[in-house]
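Keep the 3D view open as you read.

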Amino acid sequence: MAHLPRKRVLMAGAESKSFSSPDETREFKGKGRAEVLVVNGRTVSKATFEPGWKWSVNLRPIAQTDSCQVEHFGYVLSGRMRVVMDDGMQFEVGPDDLFALPPGHDAEVIGDETCVLVDFGQVQSYAKPPGP
């Protein structure tokens with residue numbers, strides 16, 4: 001069976017891209033990065049969070065907010081993450097979990113395994129400094 005090339009393919013409104021060649025890579029302040037694709041006008045990220053990563057340590061300096069103000073809708077490929085909402089509610093996500101997460105949270109990697117997830121939420125400005 002023939003495979004389509006892993007490059008961008010445009011045909012009558014269809015588009016395909018690969019995270020192996022992201023449109024943009026946003027480095028965290030240590031311990032990870034977000035690889036970003038814009039496909040048919042929609043921004044999607046594949047984020048890699050290394051052991052020890054915590055939003056309030058590694059992304060707060062970039063976002064310049066007290067907690068993460070991005071809405072996430074994602075799928076966990078590997079690793080585990082604990083989320084703590086501003087109101088104190090906590091939960092964990094791990095491999096094969098799908099999650100919806102409103103703005104107003106902190107998060108951290110649990111354990112020694114890198115957490116990798118794909119985020120279909122409002123990630124246009126995730127891991128970017130505030131604009132003018």
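Predicted model: local features only at pLDDT ≥ 70, side-chain atom pairs only at ≥ 80, totals over all residues.

Start with Gln64, which sits in the loop between helix H2 (60–63) and strand E6 (72–78). Gln64 isn't a glycine, yet its phi is positive, at about 60°. Is Gln64 buried or exposed? Its relative accessible area is 59%, so Gln64 is exposed.

Now hop over to Asp96, in the loop between strand E8 (90–93) and strand E9 (98–101). Asp96 is another non-glycine with a positive phi, this one about 75°. With a relative accessible area of 58%, Asp96 is exposed.

## Rings that pair up

You can find four aromatic pairs here. One of them joins Phe28 and Trp53: the ring centres are 6.1 Å apart and the planes make an angle of 45°, which makes the pair tilted. Phe28 belongs to the loop between strand E3 (24–27) and strand E4 (32–39), while Trp53 belongs to the loop between strand E5 (42–49) and helix H1 (55–58), so this pair ties together parts that lie 25 residues apart in sequence.

Both partners are tucked away: Phe28 is buried at 6% relative accessible area, and Trp53 is buried at 1%.

## A cavity inside

There is one cavity of 30 Å³ or more, and the space in the largest cavity comes to about 150 Å³. Its lining has 17 residues, and the closest to the centre are Phe49, His72, Met81, Leu117 and Tyr126.

Which elements give two or more residues to this lining? They are E5, strand E7 (80–85), E9, strand E10 (105–110) and strand E11 (115–119). E5 gives the most, with three residues. By class, the cavity lining splits into 13 nonpolar, three polar and one charged.

## A pocket to explore

The largest pocket holds about 160 Å³ of space. Among the residues lining this pocket are Trp55, Leu59, Ile62, Cys68, Val70, Tyr126 and Lys128. Sorted by class, the pocket lining has eight nonpolar residues, three polar ones and one charged one.

Methods: Residues numbered from 1 in each chain as written. Heavy atoms only, no water. 1 Å grid on protein atoms, 1.4 Å probe; cavity = no way out; pocket = protein on both sides within 12 Å on 5 of 7 lines; lining within 4 Å. Points joined across faces, edges and corners; volume = space filled by probe spheres on them. Nonpolar A, V, L, I, M, F, W, Y, C, P; charged D, E, K, R; others polar. Helix = DSSP H or I, 4+ residues; strand = E, 2+ residues; numbered from the N terminus. Buried < 20%, exposed > 50% of the residue type's maximum accessible area, 1.4 Å probe, protein only. Phe/Tyr/Trp six-rings, centres within 6.5 Å; stacked < 30°, edge-to-face > 60°.
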